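This briefing covers selected features of one structure, grouped by topic. Please keep the sequence and the 3D view at hand while reading.

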Amino acid sequence: MSSIELVPGLAGIPAAESSVSFIDGQAGILEYRGYPIEALSEHSTYEEVAWLLLYGELPSASELAAFNKDLEELRVLPDALVAMIQAFPKTGHPMQALQASLAGLGMVSPKVNIKDADSRDQAARRVIAATPVLVAAFERVRAGKEYVAPKAGLRTAENFLWCLDGEAPDEVAAKTLDCALILHAEHTMNASTFACRVVGSTENDPYTSCSGAVGALFGPLHGGANERVLNQLGTIGDISNVEAWFEGKTERKEKVMGFGHRVYKTKDPRAKNLQILATEMFGKLGNTPKYDVALKLEQVVTEKLGSRGIYPNVDFFSGLVYEKLGLDTDVFTPIFAMARVSGYCSHWCEQMLDNKLFRPAQIYKGEREREYVSIDKR
Ligand code: CMC
């Protein structure tokens, strides 16, 4: 009998001391470096938030200007990396392409000295700057279009839209996306951030660590839920079908995508903010029938499962926002990733400052001390 007890999914087990972000799952509070996300999404920009996450303080105007200039330069992809993305199979999922592209970014970037603050910093900034360009590049390639290089003078969200379409981005679309990036930038010790820290703990650079994290984010229980939410709303089709659809799900013991969270036992504050963002955008760009289905689904699920702490999470409204921006459903999770890399890199830097290789224990359940049987006797 083992004296250690297994906690499935390491639920509630601290994996690190961190000062990057804070969650209160009962009260529905999320803060980045002590600042509530409501205030950041209302007043800030994604770059300001990325700086805040990396360095712990809001930047001064001159710090932010220099950071933006740096990101602008680090956004430019070397030709070898563009050629690599152009050679990817078009049938691949954009998250698979992103995971490979981040590893590729490491192959074309200066070697990182993890003991040197400037080297760490430069690599973290390169990941934050380049990831949206990597996502947009594969979008173009798989649609059979030419690669569009980033444009000087544009910020992260605007530049992503530019790299997707090769046209000046719409102001409402860029502002909405900027806000969505803020809301997705960081979220304590979730599965992908943990994966990033685990890979980093072997003294790996942020390219490899973020590539590993993107693999973890891809799964349907994590970031992959957002594209499934939209497909789910499409399958339901009409508000009159919601109750019967939910009953069917319950009978088959299937989960409703976009609901539930390991930590939040109330409505995810990011879902609340994304809902506000969605309704503001629908006011400007026109409504979508899927939003009515979403509202009805929220009402039904909350009535049936709210008492068990199951409420909408961040992925419930984000897809509606991205669909309205004209983005492909399977690019929703890469958008989550291109925001979250600022959180990953902040955790990676924190991990490097006080690193200890992750090497948890296991509870062995197998046989022991067996006698080897030669192949002719089996
Ligand atoms: N729909 C129906 N039932 C649910 C749901 C849901 N979305 N979520 C949890 N439950 C039920 C589950 O079936 C289980 O019931 P029972 O005790 O009868 O077997 C109970 O609640 C506990 O579920 P769990 O999966 O063990 O709980 P957890 O704390 O590990 O859940 C979760 C977290 C996110 C994995 C889960 O809520 C889920 O699978 N949700 C759907 C996928 C989703 O929307 N993921 C996005 C998460 S937020 C963004 C992100 O992290 O990327």
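Leu-10 lies in the segment before strand 1 (21-24), where strands (E, at least two residues) and helices (H or I, at least four) are DSSP runs numbered from the N terminus. This is a predicted model, in which local features need pLDDT of at least 70 and side-chain atom pairs count only at pLDDT 80 or more, while totals for chains, interfaces and linings use all residues. Residues are numbered from 1 along each chain as its sequence is written, and side-chain values use heavy atoms, with hydrogens and water left out.

**Positive phi values**

- Leu-10 is not a glycine, yet it has a positive phi of about 50°.
- With 43% relative accessibility, Leu-10 counts as partly exposed; on this scale buried means under 20% relative accessible area, exposed means over 50%, and partly exposed is in between (1.4 Å probe, protein chains only).
- Glu-369, in the segment after helix 16, is a residue other than glycine with a positive phi near 50°.
- Glu-369 counts as exposed, at 74% relative accessibility.

- The buried residues of helix 2 are Tyr-46, Glu-47, Glu-48, Val-49, Ala-50, Trp-51, Leu-52, Leu-53 and Leu-54.
- The axes of helix 2 (residues 46-55) and helix 16 (residues 332-353) cross at roughly 20° and come within 8 Å; axes are lines fitted to C-alpha atoms, for helices over the stretch in contact, and angles run from 0 to 180 degrees between N-to-C directions.
- That angle makes helix 2 roughly parallel to helix 16 (under 35 degrees counts as roughly parallel, over 145 as roughly antiparallel, 65 to 115 as roughly perpendicular and the rest as oblique).
- Helix 2 passes helix 16 in a right-handed crossing, meaning that the near helix is turned clockwise from the far one by less than a right angle.
- Helix 2 contributes Tyr-46, Ala-50, Leu-53 and Leu-54 to the contact, and helix 16 contributes Met-338, Ala-339, Ser-342, Gly-343, Cys-345 and Ser-346 (contact means heavy atoms within 4.5 Å).
- Seven of these contact residues are nonpolar, three are polar and none is charged; Ala, Val, Leu, Ile, Met, Phe, Trp, Tyr, Cys and Pro count as nonpolar, Asp, Glu, Lys and Arg as charged, and the others, Gly among them, as polar.

**Salt bridges**

- The whole structure holds 18 salt bridges, each a side-chain nitrogen of Lys or Arg within 4 Å of a carboxyl oxygen of Asp or Glu.
- Arg-155 and Asp-178 form one of them, at 3.6 Å from N to O.
- Arg-155 is in the loop between helix 6 (117-142) and helix 7 (156-165) and Asp-178 is in helix 8 (residues 171-184), so the pair ties together parts 23 residues apart in sequence.
- Arg-155 is partly exposed at 28% relative accessibility, whereas Asp-178 is buried at 3%.
- Glu-298 and Lys-267 meet in a salt bridge of 2.8 Å, N to O.
- Glu-298 belongs to helix 14 (residues 289-305) and Lys-267 to the loop between helix 12 (242-251) and helix 13 (269-285), so this pair links parts 31 residues apart in sequence.
- Both Glu-298 and Lys-267 are buried.
- A network of salt bridges links Glu-139, Arg-142, Asp-328 and Asp-330.

**Surroundings of Met-95**

- Met-95, in helix 5 (residues 94-107), is buried at 1% relative accessibility.
- Leaving aside residues up to four places away in sequence, Met-95 touches Val-214, Leu-217, Phe-218, Thr-333, Pro-334 and Ala-337.
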